[in-house]
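Dear colleague,

Please find below the structure that I am handing over to you, together with its sequence. My findings follow it, grouped by region.

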There are 2 protein chains.
Amino acid sequence: MSSSHPVLVVGSVALDTVETPFGRREELLGGSATFFAYAATPFAPVRLVSVVGRDFPAEHEERLSQLGIDARGLERADGETFRWTGRYEGDMNVAETLDTKLNVLGTFDPKLPADYRTTPFVFLANAHPANQLSVMDQMETRPAFTVCDTMNYWIEQELDGLREVLRRVDGVVLNDEEARRLTGERNLIRAGRAMLDLGPKVAIVKKGEHGAFLFSMLDFFALPAYPVDSVIDPTGAGDSFAGGLMGSLARAGRVTLARLKRAMIDGTVMASFAVESFSVERLASLGEGEIRSRHEEIVQFLSL
Amino acid sequence: MSSSHPVLVVGSVALDTVETPFGRREELLGGSATFFAYAATPFAPVRLVSVVGRDFPAEHEERLSQLGIDARGLERADGETFRWTGRYEGDMNVAETLDTKLNVLGTFDPKLPADYRTTPFVFLANAHPANQLSVMDQMETRPAFTVCDTMNYWIEQELDGLREVLRRVDGVVLNDEEARRLTGERNLIRAGRAMLDLGPKVAIVKKGEHGAFLFSMLDFFALPAYPVDSVIDPTGAGDSFAGGLMGSLARAGRVTLARLKRAMIDGTVMASFAVESFSVERLASLGEGEIRSRHEEIVQFLSL
């Protein structure tokens, strides 16, 4: 671990209320930065920038430090923590958002601690494009690899800002619907290529239980998802994928096509664990052997 | 080709009227046996058993023989040819059936020409389970590999017969919805395994643009679809997949896990060509080089 390069994530920390066919849970630890950090930490040192309110349970913060996640960038603001309430039905591919209370996230202006500003691997989780740009502006050295996510809301409401973000990042990771919305292409292959025209050298399209596509100028790679036979709660799968991906690249220390493919497998592994429990329960209790063996399992079922 | 083992398909020959975002076409050559035969013939000698009416255009039958497809099993019955009318919208993953006229297919009782009865590779396309059983009963030697397809209608209306078919075949190829319906499992991994409990040694689940899964007692293999960037008409994709699959196995002459994986790639290749045009247009004009190079492209984008 100590030989790995660190990875920085800027995103949300949330308290989620989630309803799936397996039950309803309240005030679960959630948020993009949380899932990302839990998924990346087995691979590389993680630095987290986010905000919570005065009501945020101390135990969650203690758990982060127990896992070795550097959360000095987690601001505690006056007000309440961001809350999301959602429901999954049927094949659980799509979350229905029942309620969103931004609370302290609504006025969040991310500030990077001084020693975060040279982090070589940076993930800009879904956020207002102005916040994503602000993070890039605060970096003192150009990161080796910066990747962003976004969501339909920003594609519709803040497209100019988002385009500026896309011109400046190295990679973008979107789900299939976002990729279609951003590019106006219904066909995912066209959508993936069109994403590259917006600036990034690498575009990854996440397709949930159907895996992920990788697009770069010269290459295309298709990876099926790990076949999870008991999906308990899909919340956080996408951010866990991103966490495994970026953690894996940070551990490798460099970004090549071969490394990206292996990193996508690590992302797939972490997403598969994430959905096997509510919140970060499964991610939090993972052993290195479990991660390695699921990675090898995927390599195995890809092999001809 | 002459060194390949022959493959037998029993299924439908249809005249389709299809509406996609790319236009509306009437009286197109279609049907499961047709797409299967066109997709399998580049790999192995194909024997076709089906029925058409007096109205079936002679040119279609001539085309079959030009392609070297043995259609002595194509019965011409009094009445009209089976007709299907369907529409695709949006992402074109699901066909909306607007009209079905079984016509001569409704009373079809498949009769295998004598020299078809020792064919080593047999595909029972979607049909009444009694017809599928009748074909198996007519075989004089036990085929090396018999595979069946079905559809939701038979799962709901003729489950006992279908279960008997499944006990007797070696493999089954269903799409995701049929796999779920047959097994009552929403999760595709559980569904795939449950299919094996019904008898077949090999179960393949087709997921359209999301690829296909292979299940056998000891193995699991996941294959993404070929990334077609211009889908004109998805009709026949599943049967073209089956045709490429069975043709490829027949050419290999034996069924091993490694051969099955390669055959699934050939199935994927033929399905990808099938959807690039209306009807069998693209399949009919394929060169061997095109098939081989798309196969290699898939191997390439699977490789780590």
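Ser279(A) lies in the loop that links α9 to α10 (281-284) of chain A. Please bear in mind throughout that this is a predicted model. The phi of Ser279(A) is positive, near 50°, although the residue is other than glycine. Most residues other than glycine have a negative phi. Is Ser279(A) buried or exposed? Ser279(A) counts as buried because 24 C-beta neighbours lie inside 10 Å, and the cut-off for a buried residue is 20 or more.

In chain B, Ser279(B) is found in the loop between α9 (257-274) and α10 (281-284). Ser279(B) is not a glycine, yet its phi is positive, about 50°. With 24 other C-beta atoms within 10 Å, Ser279(B) is buried.

**Where the chains meet**

Contacts between the chains involve 22 residues of chain A and 22 residues of chain B. Which elements of chain A give two or more residues to the side that touches chain B? They are α7 (188-197), β13 (220-223), α9 (257-274) and α11 (288-302) of chain A. By class, that side of chain A has 12 nonpolar, three polar and seven charged residues.

**A mixed sheet in chain A**

Four strands of chain A form an open sheet with mixed pairing, in the order β3-β2-β6-β7. β3 (23-30) and β7 (95-101) of chain A each have a single partner strand, so one side of each is left without a neighbour in the sheet. From one strand to the next, the twist averages 20°. Strand β2 (residues 14-20) of chain A pairs with β3(A) in the antiparallel sense, over six bridges. Within β3(A), Leu29(A) is the residue that stands opposite Leu15(A).

**Helix α6 of chain A**

Helix α6 (residues 176-183) of chain A has Glu178(A), Ala179(A), Arg180(A), Leu182(A) and Thr183(A) as its buried residues. Among the elements that cover these buried residues are α4 (152-157), β10 (171-175), α7 and β11 (202-206) of chain A. After α6(A) comes Gly184(A), with a positive phi near 75°.

Strand β9 (residues 145-148) of chain B is covered on both faces. Phe145(B) and Val147(B) are buried on one side, and Thr146(B) and Cys148(B) are buried on the other. In general, side chains of a regular strand alternate between the two faces of the sheet.

Strand β8 (residues 121-124) of chain B runs parallel to β9(B), and four bridges join them. Val122(B) has Thr146(B) in β9(B) as its bridge partner.

The axes of helix α3 (residues 129-138) and helix α5 (residues 159-168) of chain B come within 8 Å and cross at roughly 30°. This crossing is left-handed. From α3(B), the contact is made by Pro129(B), Ala130(B), Gln132(B), Leu133(B) and Met136(B). From α5(B), it is made by Gly161(B), Leu162(B), Glu164(B), Val165(B) and Arg168(B). The contact of the two helices comprises six nonpolar, two polar and two charged residues.

Yours sincerely

Terms used: Residues are numbered from 1 along each chain as its sequence is written. Chains are lettered from A and ligands numbered from 1 in the order in which they are written. This is a predicted model: local features need pLDDT of at least 70, side-chain atom pairs count only at pLDDT 80 or more; totals for chains, interfaces and linings use all residues. Two residues are in contact if their C-beta atoms, placed from the backbone, lie within 7 Å. Ala, Val, Leu, Ile, Met, Phe, Trp, Tyr, Cys and Pro count as nonpolar, Asp, Glu, Lys and Arg as charged, and the others, Gly among them, as polar. Axes are lines fitted to C-alpha atoms, for helices over the stretch in contact, and angles run from 0 to 180 degrees between N-to-C directions. A crossing is left-handed if the near helix is turned anticlockwise from the far one by less than a right angle, and right-handed if clockwise. A residue is buried if 20 or more other C-beta atoms lie within 10 Å of its own, exposed if 12 or fewer, and partly exposed in between; C-beta atoms are placed from the backbone. Two strands pair if DSSP finds at least two bridges between them.
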